[in-house]
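Here's a quick tour of one protein model, written so that you can follow along on screen. Have the viewer open and click on the residues as they come up.

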Amino acid sequence: MRLMTSISKFNSRVTLDFLQKTTENQYFERKWIYEEDSVKPAKLANVLISMLNADGGILALWISDSGEIDDLNTIDIDLLNRYRSVVHDFIKPACRIQIEEVILATGELILLYHIDQDYEHMFMRKDNEDVYLRVGDKTIWPLSRDECRKLEYDKSLRRFEDEDRIDFSTKDFDEAVLELYKRSIDFEGTYDELMLSRHLAKLDSEDRIIYKNSAILLFSKEPEKYVSSAHVRYVRYKWTEQLSWQDFNVIKDQRFYWSIPTLVHQVKSFLWASLRDYYFLDKNTWRFVTTSEYPGEAWLEWLVNALCHRSYNIQGNGIYIRHFDDRLEISNSWPLPAQVTVENIQNTRFSRNPRIARVLSELGFVRELNEWVKRIFQIMEESSLSSPEYKDKDDIVTLTLRNDILRSDKAISDDVMRKIEASWSSYNETQRTLLDLLFRTHSANLAQFAVHTWKWEEIVRKYLGEFVENGILERLSLKIRDKNALYVFKWTSV
């Protein structure tokens, strides 16, 4: 049940509450005409051009950032008419922008500019041919010649999600995912009406519904029947390098083929089970706390956006997750889009598949304003791990998350902790004291253990030997009778 009534005849989601309270983002902008610094029609045209060149959206005229509304009927009629004709006067080539005049219940007049996406053209100013692009909630000012060429290239790639698929069978739809989407946006119509409303399908000249690649990628049970690159592949390597021939070191190879929303859930569950847990001793509570070798939010953010923004027209190359002992690499076959570089990827956003991005955003998967990249950096920093590393080579973008836990002297492996917990009740006071010293110092030699426990060295050596034999400790010396040999918790490797 909807809480508010739409005030737009073009978009049922546009309520007064939406216009006043929604945070500005890639798809929504407010403009407010101050008496001392009015928004000139030419400046308004720049914003409209930027949204045309990006993902489309809605621009609301005479609503402030704080949601205050004023009446356009109070401004000079000539200026109001220039706002009405701004699309014709300033923008080329011809574009699909519907200008809606809305009179509110309280009598104020506002203008809503409904900006359609366009895959065929790059838009510019008529007078000076300046090109603008919307990135997040900002308008990127006139693009350079090279940036314009890159934008044109990206637009050619963006056609793939909008291509018609007359070979698609509705039997391949995953109704569970469709129902989830309908509930998420409070949609009460049929599946076909849902597809048409989100431009994931169209009607042909005989009113038959034709589905697009975007619908297949989002809602098909087996999208690879139609798009050969719609999969994720996980490969686990033993050690820290990829070897071949007689040294072939792949120990797990798993492929995932489902609709994008289902892929996210399936890969998420699989990775959680595949990654190792480690224990740190919290010196404030003297309790063990668990941490994953790679923070889940970090790799999940990148995976979702790889699925959202990849170049599906590059057939045969899916998303690769390569798991080494010391790092996790997620590779995506896609050239970085217009305006995005490895250096500015934290702050710059461009949606190559805007229809897919919109659905995933409404399902709660995709963050706005490029927050997902910033969030990855923040998560790794909070976990005291190395900053994410991005590489763009041969049109393959790779995120590398480094596993600093393996180099940390404060972490204890999950396998070792299970052994300690299983035997703790059977340990005597001396054995517990030996482990307590390692929890505090992370390494110690025979003499240090003897002093700490007030026991003879031969007794201490016996207990340490049992811990080594049981796979709990490791002795770091090749000499049999080395009194200075250090003992540490043993690391285990998948």
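This is a predicted model: local features need pLDDT of at least 70, side-chain atom pairs count only at pLDDT 80 or more; totals for chains, interfaces and linings use all residues.

Residues are numbered from 1 along each chain as its sequence is written, and side-chain values use heavy atoms, with hydrogens and water left out.

**A three-stranded sheet**

- Helices (H or I, at least four residues) and strands (E, at least two) are DSSP runs, numbered from the N terminus.
- Look for the open sheet of 3 strands, which sit in the order E9-E11-E10 with antiparallel pairing; two strands pair if DSSP finds at least two bridges between them.
- Strand E9 (164–165) and strand E10 (201–203) are the edges, so each of them pairs on one side only.
- E9 is tied to strand E11 (residues 209–212) by 2 bridges: Asp164 stands opposite Lys212, and Arg165 has Tyr211 as its bridge partner.
- On the other pairing, 3 bridges link E10 and E11, and Lys202 is partnered with Ile210 in E11.
- E10 and E11 also make a hairpin with 5 residues between them, and Asp207 in that turn has a positive phi of about 60 degrees.

**The largest pocket**

- Grid points are joined across faces, edges and corners, and a volume is the space filled by probe spheres set on the points.
- The largest pocket has a volume of about 1200 Å³.
- It is lined by 41 residues, and the closest to its centre are Asn11, Gly57, Arg198, His199 and Arg358.
- Which element gives the most to this lining? That's H11, with 5 residues.
- Strand E2 (57–61), strand E4 (97–103), strand E5 (109–115) and helix H11 (354–362) each supply at least two lining residues.
- By class, the pocket lining has 12 nonpolar, 13 polar and 16 charged residues (Ala, Val, Leu, Ile, Met, Phe, Trp, Tyr, Cys and Pro count as nonpolar, Asp, Glu, Lys and Arg as charged, and the others, Gly among them, as polar).

**A helix pair**

- The axes of helix H14 (residues 429–441) and helix H15 (residues 446–453) come within 10 Å and cross at roughly 120 degrees; axes are lines fitted to C-alpha atoms, for helices over the stretch in contact, and angles run from 0 to 180 degrees between N-to-C directions.
- H14 and H15 are therefore oblique to each other (under 35 degrees counts as roughly parallel, over 145 as roughly antiparallel, 65 to 115 as roughly perpendicular and the rest as oblique).

- The peptide bond from Lys92 to Pro93 is cis, with omega near -10 degrees, and Pro93 is in the loop between strand E3 (91–92) and E4.
- Asp186 isn't a glycine, yet has a positive phi of about 55 degrees; find Asp186 in the loop between helix H6 (175–184) and helix H7 (191–197).

Terms used
On a 1 Å grid over the protein atoms alone, a cavity is a set of points where a 1.4 Å probe fits but cannot get out, and a pocket is an open set with protein on both sides within 12 Å along at least five of seven lines; lining residues have an atom within 4 Å of a point.
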